[in-house]
Amino acid sequence: MKNKAPISIKRNLIFSAAVLSSLLVLGSWFFMYTETRHEIDEVFDAHLGQSAKTLALAAMSWGNSPPKKLDEIYADWFSSINKMAVDEETATPYGHPYEKKVLFQYLSNGKLVGKSANAPDVFLGTLNEAGYKDVTVEGERWRTFQLPFTPPGDTSPAFTILVAEKIGIREELTAEVALSIGLPQILLIPFLVALIVLLVNRYFRPIEELRKLIASKSINNLQRIRVENPTIELEPLVKQINFLLAELENAWKRERRLISTAAHELKTPLAVLRLNAENAIQSVDEKERNKDLSSILAGIDRTDRVIQQLLVLSRVEQQKDFVLQPMDLVSMLREEIANLVPISLKYSQTISLVGAEKASVSAHPVMLSILFANLIDNAIRYSGQGSSITVDVELLTDSSQVAVTVSDTGMAMPEDVRQRIFDKFYRGHSNKGDGAGLGMSIVKDIAQIHSANVQVKSAGEGESGNQFIVVFKSV
């Protein structure tokens, strides 16, 4: 599956905000245009209706014979308007040139008996109808209002007044109003886009700063990140990055310490192995050769144990987040003892498990098995030939705790050894052990992971007997 190309949040945000702003401006303009058109139509329709009623009131005195000079007077007014008007937007004492776009017709008994000078000779309306209507005459659209009326004393409508107005007047007015209001809004769109770009770039500045800070980090520069312009949104991210940097720094320190320790602890065993191997090659005496080969095997065992301890130490130090689960401590101890019995038989030792038949604790099975494997293995290696090793499980009912005591009958440890027994790389019996001095340190670290308490007790100086006691909370 191909990886998706990365997207630009900044670019998408600017584009979305610009498009949305433009749509809102255009939408408001369209709404304004439709509302303006509606209002203009209402005003002009009201004007048509009012004009028709005014003419109807005047026409009630005309009857079938309007004044003979009516058309002449109206035509003379129109002629005066045309002569005096400089253009179609200039008013005159006789009226406005726009009057050419307005007309009326007077109908009596179905015959056209009067009209304005610019009105056609053909009646624009429809007989026996009333109200508003749009008509087209010679390619021009007109809005008409037709008003039938009956003079006082008559019983049926005999006269009709029709007032018409070019629809183009309304469209022109609507367009001018919409343009005068909408043009500044349209010109506002580039300004809004520029403002959006400016604000987005400004508010994205902490992100760019954070990007540069992260880019400056390397394995040799793991200092915590500090943003000069912190934001509420970025604060959790900065905290998490700093947490990861701290974890990385700790891991890097552990790796360097492990490499340094491995180099130091393996240097001497490897040198001894090389010396024994050279002696075995050069030796002509079979007995001496076998002795050197035995020394090589012992050196390999010690080197293997050092490596195993270093790996276990690294594993324990890396255990930060893991799930503790209820487990039977006695079953786990029984299994560990069974695994270590072959080693104890080499030293003619006895190992016994006594105490409670079952004890439940909340623990990590693998880590806990490493803890007791180290304790029992330590007792086997340092208690001496023919010693007895006892693992005692005791339920402390008064405090809901479980105490596991690993005791041996070997020579008691001196006070100075007991004080430093849990220090890393400390070897209290360097003449007996073959490790790196990490076993008891690993025990202490695992105990802390499980919120357990571990301590060591020994008999008096010159006597025998050592005890390692680990106390857990029971479940």
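Two strands count as paired if DSSP finds at least two bridges between them, and helices (H or I, at least four residues) and strands (E, at least two) are DSSP runs numbered from the N terminus. The model on screen is predicted, so that local features need pLDDT of at least 70 and side-chain atom pairs count only at pLDDT 80 or more, while totals for chains, interfaces and linings use all residues. Residues are numbered from 1 along each chain as its sequence is written, and side-chain values use heavy atoms, with hydrogens and water left out.

**The sheet**

Begin by selecting the strands of the open, five-stranded sheet, whose order is β7-β9-β10-β12-β11 with mixed pairing. At its edges lie β7 (350–355) and β11, each of which pairs on one side only. Next show β10 and β12, which run antiparallel and are joined by 9 bridges; D408 has N466, in β12, as its bridge partner.

Within α7, select R334, which is partly exposed at a relative accessible area of 43%; buried means under 20%, exposed over 50% and partly exposed in between (1.4 Å probe, protein chains only). Leaving aside neighbours within four places in sequence, R334 is in contact with L353 and E357.

**The nonpolar core**

Select L329, L368, F372 and L375 next, the residues with the most contacts inside the largest nonpolar core, which has 42 residues. Such a core is a set of buried Ala, Val, Leu, Ile, Met, Phe, Trp, Tyr and Cys residues joined through side-chain atoms within 4.5 Å. Its largest share, 9 residues, comes from α8. Centre the view on F372, which touches L329, M332, L333, V404, V470 and F472, not counting residues up to four places away in sequence.

**Helix α3**

Finally, move to α3 (residues 167–203), whose 37 residues reach 52 Å from first C-alpha to last, close to the 54 Å expected at 1.5 Å a residue, the expected span being 1.5 Å times one less than the number of residues. At G182 α3 bends by about 35°, and a proline, P184, follows within four residues; the bend is the angle between axes fitted to the seven residues ending there and the seven starting there. The buried residues of α3 pack against α1 (9–59), β3 (131–137), β4 (140–149) and β5 (159–166).

Notes
Contact means heavy atoms within 4.5 Å.
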